[in-house]
Amino acid sequence: MGTVVPGSLSISTTDRQTGTVDSPEELDAGALFVLKSKGSWLHCGYHLTTSIVGPVIFSFPYALALLGWVPGVLVVTVAALVTFYSYNLLSVVLEHHAQLGNRQLRFRDMARDILGPGWSKFLVAPLQFAICYGAVIACTLLGGQSLKFIYLLYQPKGTMQLYQFIVIFSAVPLFLAQMPSFHSLRHINLVSLVLCLLYSACVVAGSIYIGNSKNAPARDYSITGSQTDQIFGAFNGISIIATTYASGIIPEIQATLAPPVKGKMFKGLCICYTVIITTYFSVAISGYWTFGNQSLPTILSNFMGDERPLLPTWFLLMTNIFTLLQLVAITVIYLQPTNEVFEKWFANPKMDQFSIRNVIPRLIFRSLSVITATFIAAMLPFFGDIMALFGAFGCIPLDFILPMVFYNVTFKPSKKGIIFWGNTLIAVVSSGLVAVGAVASVRQIVLDAKVYNLFANM
């Protein structure tokens, strides 16, 4: 057998027929220990759902308020169709290379083999790391805010600060970060899938209850603000919706599938998008129906009302507990690319995964990763605005643009056919969305800069 690039899995003809792989010595420690290929298509569905569906869906009514009924629902629908198509393209490209004897396990492996090492080293790897680690920081911040919300429900005049809740929340990801592999998260991610269904049902029920109550806000679906504000608001709304469908770790999730992988990713995506259709549209439509252009960046803020909560305290507590628990799962799943890099750098693939030689570096560097994310979340409680900028520059290229490029470069479809031009159109439009999304995000950062304070109690 010829030389194999570390991180790609070379498979012989016999092995391709039987679905087995060659000896693990060809893999670096990151691929060997973190990206174990043992999962089923069900496990894949759990991972996909956790990587995409999260409390960010609470922003959907706000996004619709920036766009209006018809454009808002249309953008939600188009984004669902495009990302389902995009993720299937990634899966097809990965399956194609696996059948050729070179199973790619990471996004940067795909970029290196398809576009060249420079694209992998200087674009894809940094973008993916920024997005994934940024998601860890953002989820840690949201977890702290959710804990603080619960605290204020029962202690309205409480004196505890946001940074204290962030530290408390991070204790759980600090423990779960030591889970040895992506595959070992399958049961946690199943619970995560159930949790997102539960808190989405709570939000929908709460919205309908408020909308039919005597405290229902006056419904106004007009788009507010000057013409400039409306234009930037529309771009911001599109960016919010686009990034809620983002994953950024599709190849790493497919890497957890036991060979042969053909067809399994499609089944996993069907599970994921069943959950997406159930939750995204119901939360967006019910929330916007109730609050109209008064929808706030998170619908939970609308539930609190101006003077007193519009829903029973126990209901708000239940919704936040479901949200809080799922944030833990999302935090841990987005730690996996960082964990994989640490394993590659510091672990010895020739020794047992649970040997002292490998356990000690794993414990130290994974703990440092969570501690660093906790410190940044506490120091920058306005990180959500920064993450929106990261989303424009990272999520859209990884999930909307590169899959089209990978497919066209790999399969070279006819330039006279609809596939080539359809993929090209999606890539070009998405590139434009990157530009306008970045401008809108920077503008929002400038507008909010006056309230930025390190370790602020927001």
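Analyst: Happy to. The buried residues of α4 are F60, P61, A63, L64, A65, L66 and L67. Please keep in mind that this is a predicted model. Helix α4 covers residues 60-67, and because seven of its eight residues are buried, the helix is largely enclosed by the rest of the structure.

What does the covering? The cover over the buried residues of α4 includes α5 (69-99), α10 (227-244), α12 (264-291) and α13 (299-303). Just after α4 comes G68, which takes a positive phi of about 95°.

Leaving aside residues up to four places away in sequence, I241 touches F60, A63 and L67, along with G72, V75, V76 and A79. F60, A63 and L67 are among the buried residues of α4. I241 also belongs to the largest nonpolar core, which has 119 residues; together with Y245, Y280, F303 and F406, I241 touches the most other members. The largest share of this core, 13 residues, comes from α12, and α12 is also one of the helices covering α4. As a general background, nonpolar side chains tend to be buried together in soluble globular proteins.

The secondary structure comes to 18 helices and two strands. The radius of gyration is 22 Å, close to the 23 Å that the globule rule gives for 458 residues, so the chain is as compact as a globular protein of that length. Along the principal axes, the C-alpha atoms fill a box of roughly 75 × 60 × 35 Å. Of the 458 residues, 55% count as buried. Among contacts with a separation of 6 or more, 81% are between residues 24 or more positions apart. The chain exposes about 19400 Å², and carbon and sulfur atoms supply 70% of that area.

A search of the whole structure finds 19 aromatic pairs. In one of them, F342 and F346 have ring centres 6.4 Å apart and planes at 40°, so the pair is tilted. Both residues lie in helix α15 (residues 336-346), four residues apart, which is about one turn of the helix. F342 counts as buried at 18% relative accessibility, while F346, at 30%, counts as partly exposed. The rings of W345 and F346 have their centres 6.2 Å apart with planes at 90°, so that pair is edge-to-face. W345 counts as exposed at 59% relative accessibility.

The charged end of R219 sits over the ring of W289, 4.1 Å from the ring centre. H43, placed in helix α3 (residues 41-52), counts as buried at 19% relative accessibility. Not counting residues up to four places away in sequence, H43 touches H183 and R186.

To return to your request: α4 is largely enclosed, with α5, α10, α12 and α13 among the helices that cover its buried residues.

How values were computed: Residues are numbered from 1 along each chain as its sequence is written. This is a predicted model: local features need pLDDT of at least 70, side-chain atom pairs count only at pLDDT 80 or more; totals for chains, interfaces and linings use all residues. Side-chain values use heavy atoms; hydrogens and water are left out. Rings of Phe, Tyr and Trp (its six-membered ring) pair if their centres lie within 6.5 Å; planes under 30 degrees apart count as stacked, over 60 as edge-to-face and the rest as tilted. Buried means under 20% relative accessible area, exposed over 50%, partly exposed in between (1.4 Å probe, protein chains only). A charge sits over a ring if NZ of Lys or CZ of Arg is within 6 Å of the ring centre and within 35 degrees of the ring normal. Contact means heavy atoms within 4.5 Å. A nonpolar core is a set of buried Ala, Val, Leu, Ile, Met, Phe, Trp, Tyr and Cys residues joined through side-chain atoms within 4.5 Å. The radius of gyration is taken over C-alpha atoms; the globule rule is 2.2 Å times the number of residues to the power 0.38. Accessible areas come from the Shrake-Rupley method with a 1.4 Å probe; for residues, only the protein chains shown count as cover.
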